[in-house]
Amino acid sequence: MTESDISDSVIQDGRPAEQPTVTRLAATVERLRKEVQRAHATADGRALIEMAKGVLIERLRCGPAQAARQLDTLSEQAGVTTLELAADLVNQAAQDKVSAAVGQFLLSTATPSEPTAAVRLRTAESGLLAAGDTQRVAESVLEHAVAPLGATAVAIWAAGTDASLTLVAFAGIGPHEAQRWRYVPPGLATPARQALVNRAAQWIENLSEAGLPSIGHRGGGRAAIPVGAGGKLLGVLEVCWPQPLEPQPPQVHRQLEALAELCAHTLESDLAAVHASDRPDVADLVRLSDGLFDPALVLLPHLDDDGALADFRVHHVNTCFVDPAGRARGLIRGTLLLESYPMAASEGRLFERIEHVFATGETYRAERVTLTELVDQVPLTVSAALSISRHGDAVLMVWRVEDEAARLAALLQHAQRLGRVGGFEENAATGEITWSDQLFALHGLAPTADPIPLAQLPGHVDEADTEAVRRFLRTLLRYRRPASTAFRLIRPDGVIRHIRIIAEPVADAAGHLLAIRGAYQDISSQHWTEIALSATRDRLTHTEEHAAEQSRLARQLQQAIMPDAQPSTEAFGLRIAVRYQPTEQDHLVGGDWYDAIVLPSKKILVSVGDITGHGIAAATGMVVLRNALRGLAATGAGPGQMLTWLNLVAHHLTDNIFATAVCGLYDPQTQVLRWARAGHLPPVLIRAGHASTLPTIKGMILGAVAEAVYEEAELQLEPDDTLLLYTDGLIERRDRYLDDCVERLLAISAEFTGTLDDRLDHLLDGSDANTDDDTCVVGIHVSHGAGRDSA
């Protein structure tokens, strides 16, 4: 209630009002107003005194109570108030000269009862620290800091995410004026806008001459200081003077900038409360970026230990993102922007643009910018359309490669780098030479060095290649025909590189030479690869010749011991036929063997075997085991004992020989066949149109262990029986189980009704084996007249 309101209430309806009630009410209002003022002053002063006590605690190494007593004692001795002494102590601790400068300014108007300039400025700082809202900050700045400097108004603007400005606090400005300037749209040039865009304080001596509209007086001086925290500009502190402003000393500039920094913490808390519902969440921004068809990055600010913006962290990369260096998206996510893309700090001012957008909220758009990045230490440059915008505390950066030609140019740079190719062009008229970046690296020259003309090329090559380069130049320059040659280039650092050059002349319609263009290619790795390949070919040829000789010798040895076919023989009522079919691959000459002989005891030895491996080693091993078995049979031992001794031969007397074998002794007197096996397939018995394998008996392969025991079995043969001993080359297939292969052999054997020789030929002709292995078959047929008498 104002005094006029109280006066108007004295007379009402033509009669006096109740005077005592109105008087008491007015006195109460006045008392409360003074208490509020004292409370404000006390709070401001208390904050300043607490700062001074902190200085004493640090300097005197004492406690808070002792520091308070010391402050009172010093103020009494100095004859000043405690508040003034506190301001002096804080000034000395901060080494701040602004109080003296402002004091000189206020000497003409200060009265003995007024606080000193130092007290006023320090009170303004403490008031800002103690303020609970932005409006009180504006009032404290005007009352304690800038009013003594002649300023009459203060405005605090908040920066929006769209680079707009909103008036959030003011002092010394009427409410109607403030309502008109409540919101400043993006793009309107004002002192606050200039401070926001330039990110620097703007001191304007005369606003009317500058032609900038703003709140408050149309003329006079202005100071607009950005208010920021953590690299992001939150708003602007604007101070208004009614008259043109004289240039202010640097101390005043620094003091007002410090006050703007103190405004940040209240402005930041106010903005967080006001715009919390308007600020997009980072998760929503991530989903937005994933819906774009262009590469996009979501960036979050990265602050240093002092709270200043140092970099941006890549929070998210969208699905369309393609890294210039070929790195996976997972390797980019979570890294700092300048660590992953160091060229952003210099080339194209990319980082500066991102920093500006984050600080001001002003969206940056450009139809064509140059983006440069290092790929394997080689700069890769592309042109792209770029958009950078701030969303709350995050920044969204979206770009699109300008066109297909730019993309192809980038691919060409990659191709030149990977192929170690550099292009050139020489203008025949002006002598101007153009080299690609890769060509400087190929010649070992700095990018700023002068290119080497073609005419001087012979002076940079090995002497042995000089004539070849001169022929190349004659063909190109004299005869005007495309040419190419290879030479050894001697670089300035002494390194020798093998180079291939190809070039063509460019002529006009009249045949006059206009230019020479072509390319150099570093073929050093190809050269050394060809040398190594040539040496490898020589060694391979020698190896192949040696292998062919070994195979030829193995084949000759094999055929000498076991011919492909032998005529069938008859003895003691038995007809014996053998077939041997070697593999068609010379390098796969194997170690299969067969044998059928009549022993001095009138018994008949039959055997087949298979040495593992191929070549001369398998053939010689076959000879050793076959002849050893013949010698062992002369001892009269049984098949099991013979295989036991043969195992010792394979294990001890030869090198790494492993073999399978079947050994049988036929007694014509009893028509009984005693047999044993060493890991080999059992023989097949054909009797009365039915074919079956003999029961499997125990016996491991030859040569595996030093001592082995082989089980024997007996078979009573009958007239017209046929017995087949064979190696696995007859039946084995890579795509079929071995048991299935044996079943097929039994079926074919049971169906055939011809002679023994025809039977063996039929088996070889009908074999569908595909292992490229040798094949041995021994057939034994018991005649009808065979028996004791025939012996």
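Two strands are said to pair here if DSSP finds at least two bridges between them. Strands themselves are DSSP runs of E with at least two residues, and helices are runs of H or I with at least four, both numbered from the N terminus. With that in hand, we can walk through this model, which is predicted: local features need pLDDT of at least 70, side-chain atom pairs count only at pLDDT 80 or more, and totals for chains, interfaces and linings use all residues. Residues are numbered from 1 along each chain as its sequence is written, and side-chain values use heavy atoms, with hydrogens and water left out.

Let us begin with the whole chain. Its secondary structure comes to 23 helices and 29 strands. Of its 791 residues, 42% count as buried, where buried means under 20% relative accessible area, exposed means over 50%, and partly exposed lies in between (1.4 Å probe, protein chains only). The accessible surface is about 40500 Å², and carbon and sulfur atoms hold 53% of it; these areas come from the Shrake-Rupley method with a 1.4 Å probe, and for residues only the protein chains shown count as cover. Among contacts with a separation of 6 or more, 58% join residues 24 or more positions apart, a contact being heavy atoms within 4.5 Å.

S22 has a partner in strand S21 (residues 591-598), to which eight bridges join it in an antiparallel arrangement; here Ala596 stands opposite Val606. Eight bridges also join S22 to strand S23 (residues 659-667), again antiparallel, and in S23 the bridge partner of Leu605 is Leu665.

S21 and S22 form a hairpin with five residues between them. Lys602 is exposed, with a relative accessible area of 53%. Another residue with positive phi is Arg480, near 55° and likewise not a glycine. Arg480 lies in the loop between helix H18 (466-478) and strand S16 (483-490), and at 39% relative accessibility it counts as partly exposed.

Next comes helix H21. Its 14 residues (639-652) should span 20 Å at 1.5 Å a residue, and its end C-alpha atoms are 20 Å apart, which agrees; the expected span is 1.5 Å times one less than the number of residues. The buried residues of H21 are Pro639, Gly640, Met642, Leu643, Leu646, Asn647, Val649 and Ala650. Seen down the axis of H21, these fall within an arc of 165°, so they line one face of the helix. The arc is that of the directions from the helix axis to the C-beta atoms.

Now turn to a six-stranded open sheet, in the order S19-S20-S29-S28-S25-S26, with antiparallel pairing. Its edge strands are S19 (569-571) and S26 (690-693), each of which pairs on one side only. From one strand to the next, the twist averages 20°; axes are lines fitted to C-alpha atoms, for helices over the stretch in contact, and angles run from 0 to 180 degrees between N-to-C directions. Within the sheet, S28 (residues 722-726) and S29 (residues 775-782) pair in the antiparallel sense over five bridges, and the partner of Thr722 in S29 is His781.

Helix H22 (residues 738-751) packs on this sheet, touching S25 (684-687), S26 and S28, and its direction makes about 150° with that of S26. Helix H23 (residues 756-766) lies across S20 (574-581), S25, S28 and S29, running at about 25° to S20.

Which residues of H22 are buried? They are Cys741, Val742, Leu745, Leu746, Ile748 and Ser749. These cover an arc of only 170° around the axis, which puts them on the same side of H22. What covers them includes S25, S26, S28 and H23. The face turned away from the buried side of H22 carries the exposed residues Asp739 and Glu751.
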